[in-house]
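Hello,

Here is the structure I promised to pass on to you. Have a look at it first, and then read on for what turned up in it.

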Amino acid sequence: MGENMLGFMKKKKEETISYGVIGLGKFGYTLAIQLAEYGYDFLVVDKDENLVQDLRTVTESAIVVDDYDKKSIKDSGVKNCDVVIVCLEEQLEKSLLVTLNLINLGIKKVISVADTSEHGEILEKIGAEVVYPKRDMAIRLASRLRANMVLDFVQLNEEINIYKASLPKPLVGQTVVGSGLRTKFELNIIAIQNAAGVTDMISPNYVFQEGDLLFLAGSRDGFKALTEWVGLAGE
């Protein structure tokens, strides 16, 4: 995800929320670094002493455990976190057991990373919120390949996506209300970025200008219809 999109999408920092990251593979390590950059209070847990040592430069709460068993997880202090992300997607059994133990410890919110849909289904039945980084990355890449105007993409759920896209040339000079983005394609403009900055206060009479970047919320089918229309309009 691009830096601008991350900045636009991330929620306002809440000082009272603390996070835990269990597992410092590629996803978990990157997540921890990002949490540090945002200034969040977080704890990391892993069996690899070298990885844990690396992250002690960004958090004082970096814990080495001998195993991911119930006692080790409990003793790590992760039970004091409000949100815990389990990043053990390549260790199916460990992922499931750690997730179950965290839920039994009464953690307010447990997010688990899944490698496959079957893995994710089991995690959901246990009671975790599930993310699929490999699948989501593939979807974002496919969207970029399908339409050159797509600069970034976030899947909120199975029905709603947010796109950061270059303004289609056929819309230059048209107003927001006259563009038909909402009526024809069921896409809502949630922000516009241009040389003046980013604004979410969008008048229906705003006239699109060349160079505008649009943040659009809607379905994949709606955006697909827009890209097909842009292709036809450009012929």
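Let's start with the aromatic rings: Tyr-19, Tyr-38 and Tyr-40 form one aromatic cluster. Rings of Phe, Tyr and Trp (its six-membered ring) pair if their centres lie within 6.5 Å; planes under 30 degrees apart count as stacked, over 60 as edge-to-face and the rest as tilted. The count by this rule is 5 aromatic pairs.

Before going on, a word on where this comes from. The model is predicted, so local features need pLDDT of at least 70 and side-chain atom pairs count only at pLDDT 80 or more, while totals for chains, interfaces and linings use all residues. Residues are numbered from 1 along each chain as its sequence is written, and side-chain values use heavy atoms, with hydrogens and water left out.

Back to the pairs. Tyr-163 and Phe-223 are stacked, because their ring centres are 3.9 Å apart and their planes are at 10°. Tyr-163 belongs to strand β8 (residues 161-166) and Phe-223 to helix α10 (residues 220-233), so this pair ties together parts that are 60 residues apart in sequence. Helices (H or I, at least four residues) and strands (E, at least two) are DSSP runs, numbered from the N terminus. Tyr-163 is buried, at a relative accessible area of 0%, and Phe-223 is buried at 0% too. Buried means under 20% relative accessible area, exposed over 50%, and partly exposed in between (1.4 Å probe, protein chains only).

Tyr-206 and Phe-208 make an edge-to-face pair, because their ring centres are 6.0 Å apart and their planes are at 80°. Phe-208 is buried, with 2% relative accessibility.

What does Ser-179 touch, not counting residues up to four places away in sequence? The answer is Leu-171, Gln-174 and Phe-208, where contact means heavy atoms within 4.5 Å. Ser-179 sits in helix α8 (residues 176-179) and is buried at 3%.

Now for a sheet. Six strands is its count: this open sheet of 6 strands runs in the order β3-β2-β1-β4-β5-β6, with parallel pairing. Two strands pair if DSSP finds at least two bridges between them. At the edges are β3 (62-64) and β6 (129-131), each pairing on one side only. Strand β2 (residues 41-46) is joined to β3 by 3 bridges, and the two run parallel. Val-45 stands opposite Ile-63 in β3.

Enjoy exploring!
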